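Hello,

Here is the structure we talked about handing over. Please open it first, then read the notes below it.

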Amino acid sequence: MAVNDDLMCDILIIGGGGGGAGPRSSAGGAGGVVYMVNQILSAGSYTVEVGKGGAGTRDTDGNAGVSSGIKQSSIYITIDGITLEGKGGGKGVFIGQTGGSGGSGGGGGGQGASTYGGSATQGNTLWDKTTNTYISGGHDGGNGSLLNWNGSSSSLTTGGGGGAGTAGHAATTSGTIKCGDGGDGVFIDITGTSLLYATGGGGGSLGGVVNGAGGNSSALNNQGGDGRVSGSGGGDAYRTGGTVGRTGTGAGGGGGSDYDSTATASDYGGDGDSGINHQMLHLTEDVQVLNKFL
């Protein structure tokens with residue numbers, strides 16, 4: 001991207017969402033978010049990258065999302081003290097493991113006294129217009145656990161992937177036995193419409209427990225992928241929403257159900273969503289959406 005003159009602009013960068021694992025495994029975390037307003041992008045030549053979402057898997061960990069960002073000479077640039085890299089979301093993991101670290105962390109894999117959600121690595125890169133400060137652009141994944149029923153049987157419950165707005169939810173082991181929901185995303189208006197970005201995926205498991213829902217599950221579009229339990233199919237991939245031309249939201253994929261010997265596709269984790277890279281240029285009022293996938 002060639003910039004001939006210094007430009008005042010708003011910038012939104014989101015890494016690709018992490019892929020969910022399967023079967024009976026945890027969800028991917030959302031891509032990390034960089035959002036800034038009224039900043040100067042200096043004249044020069046830049047490389048603009050939009051990261052792919054991580055692929056969902058079977059019998060192994062999911063794949064982490066790929067970072068998005070703006071570079072010069074192969075190095076992410078810095079504006080207002082913020083490095084312009086939206087880190088890829090953490091992977092969902094197979095049973096018994098800690099969730100993958102990333103922009104937002106993946107959920108914990110269950111089957112243990114406690115399995116921890118992955119750590120968020122994004123840092124304070126999201127401009128909050130209410131407090132006029134940068135806040136966290138990613139959150140940790142939720143913990144998973146192994147629940148014993150009546151001392152004789154057990155079921156693992158996995159954690160939800162973290163979102164840009166809140167951490168992924170931990171598995172619930174009392175009352176309603178449930179895998180963790182994905183963390184909520186954030187609503188940002190950089191296109192003239194407030195849209196939802198960077199939601200975490202919901203955890204998946206075997207039968208007898210409730211699947212985790214993707215973050216912002218009551219929203220109409222752009223939720224994270226739902227997890228799945230036995231008999232209900234595989235983990236949903238991200239939900240891109242109905243807006244024509246959207247390139248991605250950075251949502252995490254849901255965790256897969258238990259093994260399915262009749263249709264192996266049903267126990268895969270869901271794919272993470274691709275990232276995004278927007279610059280709103282105040283001088284021209286044009287929105288540039290760059291669709292280069294790594």
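Start with Lys91. Its relative accessibility is 29%, so Lys91 counts as partly exposed. The scale runs like this: buried is under 20% relative accessible area, exposed is over 50%, and partly exposed lies in between (1.4 Å probe, protein chains only).

First, the ground rules. This is a predicted model, in which local features need pLDDT of at least 70 and side-chain atom pairs count only at pLDDT 80 or more, while totals for chains, interfaces and linings use all residues. Residues are numbered from 1 along each chain as its sequence is written, and side-chain values use heavy atoms, with hydrogens and water left out.

Salt bridges

A salt bridge here is a side-chain nitrogen of Lys or Arg within 4 Å of a carboxyl oxygen of Asp or Glu. By this rule there are three.

Lys91 pairs with Asp61, with the closest N and O atoms 3.3 Å apart. This pair links distant parts of the chain, 30 residues apart. Lys91 sits in the loop between β10 (85-86) and β11 (124-128), and Asp61 in the loop between β5 and β6. Asp61 is buried, at 15% relative accessible area.

Lys71 pairs with Glu49, and here the closest N and O atoms are 3.4 Å apart. That pair also joins distant parts of the chain: Lys71 is in strand β6 (residues 68-72) and Glu49 in strand β5 (residues 47-49), 22 residues apart. Lys71 has a relative accessible area of 16%, so it is buried. Glu49 is buried too, at 11%.

Asp181 pairs with Lys178, with the closest N and O atoms 2.2 Å apart. Asp181 is partly exposed, at 24% relative accessibility.

Cysteines

Cys9 is buried at 0% relative accessibility, and Cys179 is buried at 1%.

Core

A nonpolar core is a set of buried Ala, Val, Leu, Ile, Met, Phe, Trp, Tyr and Cys residues joined through side-chain atoms within 4.5 Å. The largest one has 31 residues. Leu12, Val33, Tyr35, Met36, Leu84, Ile188 and Tyr197 touch the most other members. The elements giving two or more residues to this core are β2 (7-14), β3 (33-41), β11, β15 (186-189) and β16 (194-197).

Look at Ile188. Leaving out residues up to four places away in sequence, Ile188 touches Leu12, Val33, Tyr35, Thr193, Ser194, Leu195 and Tyr197. Contact means heavy atoms within 4.5 Å.

β15 and β16

These two strands run antiparallel and are joined by four bridges. Strands pair if DSSP finds at least two bridges between them. Val186 stands opposite Tyr197 in β16. The two strands form a hairpin with four residues between them. In the turn, Gly192 has a positive phi of about 100°.

Whole protein

The protein has zero helices and 18 strands. Both are DSSP runs numbered from the N terminus: helices are H or I with at least four residues, strands are E with at least two. Buried residues make up 57% of the 294 residues. Among contacts between residues at least 6 apart in sequence, 62% join residues at least 24 apart. The accessible surface comes to about 11,000 Å², and 47% of it belongs to carbon and sulfur atoms. Areas come from the Shrake-Rupley method with a 1.4 Å probe; for residues, only the protein chains shown count as cover.

Best wishes
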